[in-house]
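I set out to record the fold of this chain and the setting of one of its strands. My entries follow the order in which I looked things up.

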Amino acid sequence: MMLENVRIVLVNTSHTGNIGSVCRAMKTMGLSDLVLVDPVQEPDSHASALAAGATDILGNAKIVPELKDAIADCQLTIATSARSRTLSWPMLEPRECGKKVVEEGQNAKVALVFGRENSGLTNEELQQCQFHVHIPSNPEYSSLNLAMAVQTLCYEIRMHFLDSQQAQFEPSDVEYPNSEQLEGFYMHLEQALTKTGFIVKQHPGQVMAKLRRLFNRARPESHELNILRGVLASIEKDANNTKD
């Protein structure tokens, strides 16, 4: 089922009770894949108590040290963001998010990434995701706890999933690179630009962050990313020959 391809990722969660509540929110919407990135404390009896009938999700949750480990096999990653950033990123509304997750989750792993209870995700973590999603809560009281945020977005996913079932939705045959492949491309890109002198190691500035944003907007398909890697290899070869 498509819902099995949807992964909820919690980054550096402080309170174990929140992890349990997230499990309950997920199960009510039919989701089961939970990954915990460097939780302050591993799930305990408090988490189990708040998970109620969703202790199976809690028991099967994976724990990894870094965000890149949680999303390496995901074709689409969407980060939740409660505040505007210096460098704007492609944004989705919750309903757009639900639609995109269902469309791409038909044949590939997708992930929704949630940050720390008090500070959210860092800029570096946000830049590992193709899109950001913002829940338009009351500006005079925008305090959504972690489980509420997860429940809201999981609800949108379920509604689009049910609509797709009734409409006999046909999945797209477009293949996008996963997060691990994208990170490999960005490393290759930075390496090539450093060799040509476009990026100065001592003063890299915001070049790579802005290029990440550009490619996230363009959303290259897998074969297009392979072409780009070939272009970079050609540039590096020429740069090496020039030095010789």
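**Source.** I note that this is a predicted model, in which local features need pLDDT of at least 70, side-chain atom pairs count only at pLDDT 80 or more, and totals for chains, interfaces and linings use all residues. Residues are numbered from 1 along each chain as its sequence is written, and side-chain values use heavy atoms, with hydrogens and water left out.

**Whole chain.** I found 10 helices and 7 strands in the chain; helices (H or I, at least four residues) and strands (E, at least two) are DSSP runs, numbered from the N terminus. The radius of gyration is 19 Å, close to the 18 Å from the globule rule for 244 residues, so the chain is as compact as a globular protein of that length. That radius is taken over C-alpha atoms, and the rule is 2.2 Å times the number of residues to the power 0.38. Along the principal axes, the C-alpha atoms fill a box of roughly 65 × 45 × 35 Å.

I then looked up burial, where buried means under 20% relative accessible area with a 1.4 Å probe, protein chains only. Of the 244 residues, 47% are buried. For contacts (heavy atoms within 4.5 Å), I recorded that residues 24 or more positions apart account for 86% of those with a separation of 6 or more.

**Sheet.** I traced an open sheet of 7 strands with parallel pairing, in the order β3-β2-β1-β6-β4-β7-β5. β3 (62-64) and β5 (91-92) stand at the edges with a single partner strand each, so one side of each lacks a neighbour in the sheet. Two strands pair if DSSP finds at least two bridges between them.

**Strand β4.** Which strands pair with β4, and over how many bridges? I found parallel pairing with β6 (residues 110-114) over 4 bridges and with β7 (residues 131-133) over 3 bridges. I78 takes part on both sides: it stands opposite L112 in β6, and its bridge partner in β7 is F131.

Are the residues of β4 buried or exposed? In this strand (residues 76-80), 5 of 5 residues are buried. L76, I78 and T80 point one way, T77 and A79 point the other way, and all are buried.

Conventions
Buried < 20%, exposed > 50% of the residue type's maximum accessible area, 1.4 Å probe, protein only.
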